[in-house]
Amino acid sequence: MKQLVIAYIANGKSTNRYHLPFVLQRKEKFIVKKIFARHLDKKEWPRIDGITYTDNIHDLYDDPEINTIIVSTASQFHYDYVKAVLNAGKNCICEKPFMETETQAKECFDLAHAKGLTLACYQNRRFDSDFLTVQKVIESGKLGDLLEIEMGFDYYRPETPASIHSFSKINSYWYGHACHTLDQIISYFGKPDYVHYDVRQILGKGRMNDYFDVDLYYGNLKISDRSSYFRVKERPSFTVYGKKGCFIKQTKDLQERDLKHFYMPDHADFGVDTPNEYGTLSYYDAAGIYHEEKVVSEKGDYGRYYDAWYETIMHGAQPLVKEEQTLLQLHLLEEGIKDLK
């Protein structure tokens, strides 16, 4: 199997926690050749043998072996770096939130087309265990026609918004967290017919956005995407209601938890739910008999994003994250926060 040579811009948490652990599992497909770090003397993350660390960005741009460069900087730098990567003739993956505006994203996609390159947003949360399990339950048909889906992405971290005394659109809670959940919705259900936004600054104007409760409508189906920094008890990750039943998945995907504890994907039980974390499916069958059962969670794996990227670049498969999906998400993000200052 031919290997794809890749490089990263930025050597922080994003690269080391959410990318490298999965790519390094796939050595038959990928070679990580270089990582650009602005400050080589900073070593919060251990250096990985075989990777060249450099503070000269042109070491990446000018290397003919490097096929793909992943931009995993702070969000406000995505637009400039993505353009530079494409102008250097490299395929590009960019972390989320992808850009600040739909216009910026469209410009970058047009540049990629003009250069004959592939550009995509890193939407690894499509491979969250809870989201994959919800899809399995929906596709079983046991819920009947879908009526309502509630998605919760809560924290109790009041110290975070309390410490921030300015407003930033691209660094808002809405951009930083709905970039996960909106993509899940768009990837499975497509473009909504209508959206109602409730995106707030609980601590007042001129402070960070710290709450959102947004409803997306698909015919008779309403999907509520909710998140807050002030939830002492989290809402369920997913609650799905149909005409015949209900599925409740209380806990989120566990990959992030394990990564934060440096428990890596080379462990067989990495990110795997125990029976305590399984969701509950309650439904009436065709004979009108009531059932209640635990649903074994699907295994999440952020690395499946990279498997799809490999197939796109090496074998011409359609991109996993389509351009129109990324543009739609940015349109929704911009609309939701346009009145905040």
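## Close-up views of the pocket, cavities and ring pairs

**Figure 1. The side chains of Gln 184 and Asp 128 are joined by a polar contact of 3.5 Å.** The model shown here and in the other views is predicted. Gln 184 is found in helix α7, whereas Asp 128 lies in the loop that runs between β6 (119-121) and α5. With a relative accessible area of 4%, Gln 184 is buried, and Asp 128, at 3% relative accessibility, counts as buried too. The side chain of Gln 184 also reaches the backbone oxygen of Arg 125, at 2.8 Å, while the side chain of Asp 128 has a polar contact of 3.2 Å with the side chain of Tyr 302.

**Figure 2. The surroundings of Gln 184 and Asp 128 bring in residues from other parts of the chain.** When residues up to four places away in sequence are not counted, Gln 184 touches Arg 125, Asp 128, Phe 131, Met 151 and Phe 238. The C-alpha atom of Gln 184 is separated by 9.2 Å from that of Phe 127, a residue 57 residues apart from Gln 184 along the chain.

**Figure 3. The largest cavity has a volume of about 100 Å³.** Among the 13 residues that line this cavity, those closest to its centre are Asp 128, Asp 130, Phe 153, Gln 184 and Ser 237. Two or more lining residues come from each of the elements β7 (146-152) and α7, and α7 gives the most, with three residues. The lining of the largest cavity divides into three nonpolar, five polar and five charged residues. In total, the structure holds three cavities of 30 Å³ or more.

**Figure 4. The second largest cavity has a volume of about 60 Å³.** Its lining is made up of Phe 131, Val 134, Ile 138, Ile 149, Met 151, Gln 184, Ile 185, Tyr 188, Phe 189, Ile 223 and Phe 238. By residue class, the lining of the second largest cavity comprises 10 nonpolar residues, one polar residue and no charged residue.

**Figure 5. The largest pocket has a volume of about 1300 Å³.** Of its 46 lining residues, Lys 13, Ser 14, Ser 72, Thr 73 and Ala 74 are the closest to the centre of the pocket. The elements that give two or more residues to this lining are α1 (13-23), α3 (78-87), α7 (173-189) and α8 (255-260), and the largest share, five residues, comes from α1. The residues of the pocket lining divide into 18 nonpolar, 16 polar and 12 charged.

**Figure 6. Helix α1 is largely enclosed by the rest of the structure, because 10 of its 11 residues are buried.** The buried residues of α1 are Ser 14, Thr 15, Asn 16, Arg 17, Tyr 18, His 19, Leu 20, Pro 21, Phe 22 and Val 23. These buried residues pack against the strands β1 (4-9), β2 (30-36) and β4 (68-71), and also against the helices α8 and α9 (304-315).

**Figure 7. Phe 22 and Phe 270 form an edge-to-face aromatic pair, with 6.0 Å from centre to centre and 65° between the planes.** Phe 22 lies in helix α1 and Phe 270 in the loop between α8 and β14 (279-284), so the pair ties together parts that are 248 residues apart in sequence. Both Phe 22 and Phe 270 are buried.

**Figure 8. Tyr 122 and Tyr 305 form an aromatic pair that is edge-to-face, at 4.8 Å centre to centre and 80° between the planes.** This pair links distant parts of the chain, 183 residues apart, with Tyr 122 in the loop between β6 and α5 and Tyr 305 in helix α9. Tyr 122 counts as buried at 0% relative accessibility, and Tyr 305 is buried with a relative accessible area of 2%.

**Figure 9. A cluster joined by ring pairs contains Phe 153, Tyr 155, Tyr 173, Trp 174, Tyr 197, Phe 212 and Tyr 229.** Phe 153 is also one of the residues closest to the centre of the largest cavity. Over the structure, the count comes to 21 aromatic pairs.

How values were computed
Residues numbered from 1 in each chain as written. Predicted model: local features only at pLDDT ≥ 70, side-chain atom pairs only at ≥ 80, totals over all residues. Heavy atoms only, no water. 1 Å grid on protein atoms, 1.4 Å probe; cavity = no way out; pocket = protein on both sides within 12 Å on 5 of 7 lines; lining within 4 Å. Points joined across faces, edges and corners; volume = space filled by probe spheres on them. Helix = DSSP H or I, 4+ residues; strand = E, 2+ residues; numbered from the N terminus. Nonpolar A, V, L, I, M, F, W, Y, C, P; charged D, E, K, R; others polar. Buried < 20%, exposed > 50% of the residue type's maximum accessible area, 1.4 Å probe, protein only. Contact = heavy atoms within 4.5 Å. Polar contact = N/O pair within 3.5 Å; in protein donor to acceptor, adjacent residues only side chain to side chain. Phe/Tyr/Trp six-rings, centres within 6.5 Å; stacked < 30°, edge-to-face > 60°.
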